[in-house]
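Biologist: I want to go through this model label by label. For each one, tell me what it rests on.

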Amino acid sequence: MGTLETWVVELNDAFWTYLLIPLVAVAGIWFTLRSKGVQIRLIPEMFRVFRDKPQSGVSPFGAFTISAAARIGTGNIAGVATAITLGGPGAVFWMWMMALVGGASAFVESVLAQLYKVRDTEPGTYRGGPAYYMQKALGMRWLGVVFAVLITLTFGFVLTAVQSNTITVAAKGSFGSDPSWFNPVLGVVLAVLLALAVFFGVKRLTAVTKVIIPAMAALYLLVGLVIVLLNLGNVPGILGDIIGGAFGFREVAGGAVGTAILQGVRRGMFSNEAGMGSAPNAAAAAETTHPVKQGLVQTLGVYFDTLVICTMTAFVILSANPTLGERGGADVTQAAFTSALGDWAGHLLTLVVFMVAFSSMIGNYYYGESNIQFITRSKNVMSTYRAVVIACAVLGAIGSVPLVWSLADVTMGAMVLVNLIAIIPLSAVAFRLLDDYLAQRRQGLDPVFRKDQVPGLRGEVECWGPSDQDATPQERMPVGSP
């Protein structure tokens with residue numbers, strides 16, 4: 001296991017350092033320049049979109065709160081801890097930069113997912129994502145299949161193991177013991193619970209998680225905010241360490257600039273998923289009057305995830321002076337909660353980790369399922385996929401923290417690479433839709449999109465015909481100008 005772990009970690013570091021981080025940075029900067037900073041200049045418009053009141057279904061603000069609750073998971077709790085312990089406080093700064101630059105990538109991929117979505121089997125429902133715009137816009141079904149395989153490996157298999165591993169680490173921290181049977185037994189328990197959801201479709205189990213997750217997310221934010229307020233006097237010093245560590249102004253163990261950038265970008269992307277190609281699968285399912293609206297909502301979600309939640313977690317961890325240079329996960333965050341508020345806070349975090357991570361395991365399964373359906377409708381393939389997902393829950397519980405997280409980085413990085421290959425040439429389409437949206441806003445209208453408004457769109461656009469909208473832009477009530 002030690003040799004495999006070393007090989008995966010070395011491969012992972014080289015892949016991100018020499019290929020992925022430069023590509024992510026160049027793509028994000030290009031999208032920012034080409035859109036004239038859409039992720040910054042349209043922040044007021046992002047909040048205005050929340051005030052849309054659809055005739056039926058979930059409002060944009062309601063959808064935002066649900067997605068924000070779902071984002072609070074291992075990336076925010078364990079991922080931030082990993083970034084800080086390996087990259088020093090400076091990694092937090094590069095997480096912030098990843099969010100600001102990545103916001104443009106998130107905008108592009110979500111607009112494309114909305115434009116090239118397809119109708120699902122039930123009336124008024126849609127599905128889509130990178131695999132679909134690769135096939136419909138680029139005419140490269142083979143590339144869509146490659147992406148579908150990668151997202152299935154990443155979310156269905158590897159990230160299921162990450163969630164299981166994080167639950168195990170947090171549970172061991174609460175129980176304070178490390179018997180040899182603990183990890184395998186907990187892994188089997190998690191596998192059984194997951195099997196109930198994916199094999200037998202126990203709707204009550206998934207319904208309970210949908211109710212509890214927003215409450216757990218709110219509780220995590222509240223307790224974290226209390227800890228930050230209790231350490232308010234330390235905030236200036238923490239900010240100084242973050243800025244100093246980011247540029248090498250201060251010598252911090254394990255906090256070299258290169259490591260800070262590497263860990264900050266990787267953990268930031270794992271948390272907010274900007275440019276990864278996962279969020280567009282959910283973005284395509286939303287019902288909205290213009291694809292750009294969903295792009296704006298998705299961008300704001302990236303900011304909320306990283307600039308608010310991850311920052312709060314980082315401040316909590318740094319206030320406890322963690323040991324740097326040693327890889328840590330949820331146990332580091334747990335120790336910080338315990339140090340600030342007592343043992344009960346550590347146990348509370350274990351409960352939060354369990355709920356959000358297990359809910360993510362269910363969501364990861366469905367990401368893989370929907371993409372397998374893009375490739376094939378074979379029941380045997382689907383049954384095999386389900387069985388492997390269950391096995392990954394057990395393997396994640398018994399695997400080492402470095403190996404599990406490094407495997408996640410490798411497969412996640414491959415996803416990002418394929419997705420960027422698609423959205424870089426297709427970004428011109430997203431920016432044409434942005435121009436259409438802003439032209440309508442300058443007229444004081446609430447933008448509505450129809451595919452005949454922007455002639456010459458690349459590829460096949462299945463939706464967005466006249467019958468898909470209740471009114472043309474000229475028939476809708478004017479709204480205030482941006």
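Biologist: Where does Leu-196 lie?

Modeller: Leu-196 is in helix H9, which covers residues 182–198. Keep in mind that this is a predicted model.

Biologist: Why is Leu-196 called partly exposed?

Modeller: Its relative accessibility is 34%. Buried means under 20% and exposed means over 50%. The value of 34% falls in between, so Leu-196 counts as partly exposed.

Biologist: What makes the nonpolar surface patch that includes Leu-196?

Modeller: Val-188, Val-192, Leu-196, Phe-199 and Phe-200 make it, with an area of about 470 Å². A patch residue needs over 30% relative accessible area. Leu-196 has 34%, so it passes that cut-off.

Biologist: Now the whole chain. How many helices and strands are there?

Modeller: There are 18 helices and two strands. The chain has 482 residues, and 56% of them count as buried. The exposed surface comes to about 19,500 Å², with carbon and sulfur atoms supplying 65% of it. Among contacts between residues at least 6 apart in sequence, 82% join residues at least 24 apart.

Biologist: Why is Lys-36 called exposed?

Modeller: Its relative accessible area is 67%. Exposed means over 50%, so Lys-36 qualifies. Lys-36 sits in the loop between helix H1 (2–34) and helix H2 (38–41). Its phi is near 60°, a positive value in a residue other than glycine.

Biologist: On to charges. How many salt bridges are counted?

Modeller: The count comes to nine.

Biologist: What makes Arg-48 and Asp-446 a salt bridge?

Modeller: Their side chains meet at 3.7 Å, N to O. The limit is 4 Å, so the pair counts. Arg-48 is in helix H3 (residues 43–49) and Asp-446 is in the segment after helix H18 (401–442), so the bridge ties together parts 398 residues apart in sequence.

Biologist: Are those two partners buried or exposed?

Modeller: Arg-48 has a relative accessible area of 10%, and Asp-446 has 8%. Buried means under 20%, so Arg-48 and Asp-446 are buried.

Biologist: What makes Lys-293 and Asp-446 a salt bridge?

Modeller: The N to O distance is 2.8 Å. That is within 4 Å, so this pair counts too. Lys-293 lies in helix H14 (residues 291–319) and Asp-446 in the segment after H18, so the pair ties together parts 153 residues apart in sequence. Lys-293 is buried, at 2% relative accessibility.

Biologist: Which residues do salt bridges with shared partners join into one network?

Modeller: Glu-45, Arg-48, Lys-293, Arg-441 and Asp-446.

Biologist: How do you know that Lys-136 and Glu-460 meet in a salt bridge?

Modeller: Their N to O distance is 3.4 Å. The limit is 4 Å, so the label holds. This pair links distant parts of the chain: Lys-136 in helix H7 (residues 130–136) and Glu-460 in the segment after H18, 324 residues apart.

Biologist: Why is Val-118 called buried?

Modeller: Its relative accessible area is 6%. The cut-off is under 20%, so Val-118 is buried. Val-118 is in strand E1 (residues 118–119). Its contacts beyond four places in sequence include Lys-136, Glu-462 and Cys-463. Val-118 and Trp-464 are 346 residues apart in sequence and 10.0 Å apart in space, C-alpha to C-alpha.

Terms used: Residues are numbered from 1 along each chain as its sequence is written. This is a predicted model: local features need pLDDT of at least 70, side-chain atom pairs count only at pLDDT 80 or more; totals for chains, interfaces and linings use all residues. Side-chain values use heavy atoms; hydrogens and water are left out. Helices (H or I, at least four residues) and strands (E, at least two) are DSSP runs, numbered from the N terminus. Buried means under 20% relative accessible area, exposed over 50%, partly exposed in between (1.4 Å probe, protein chains only). Contact means heavy atoms within 4.5 Å. Accessible areas come from the Shrake-Rupley method with a 1.4 Å probe; for residues, only the protein chains shown count as cover. Patches are made of residues with over 30% relative accessible area and no salt bridge: like charges are joined within 9 Å, nonpolar side chains (Val, Leu, Ile, Met, Phe, Trp, Tyr) within 5 Å.
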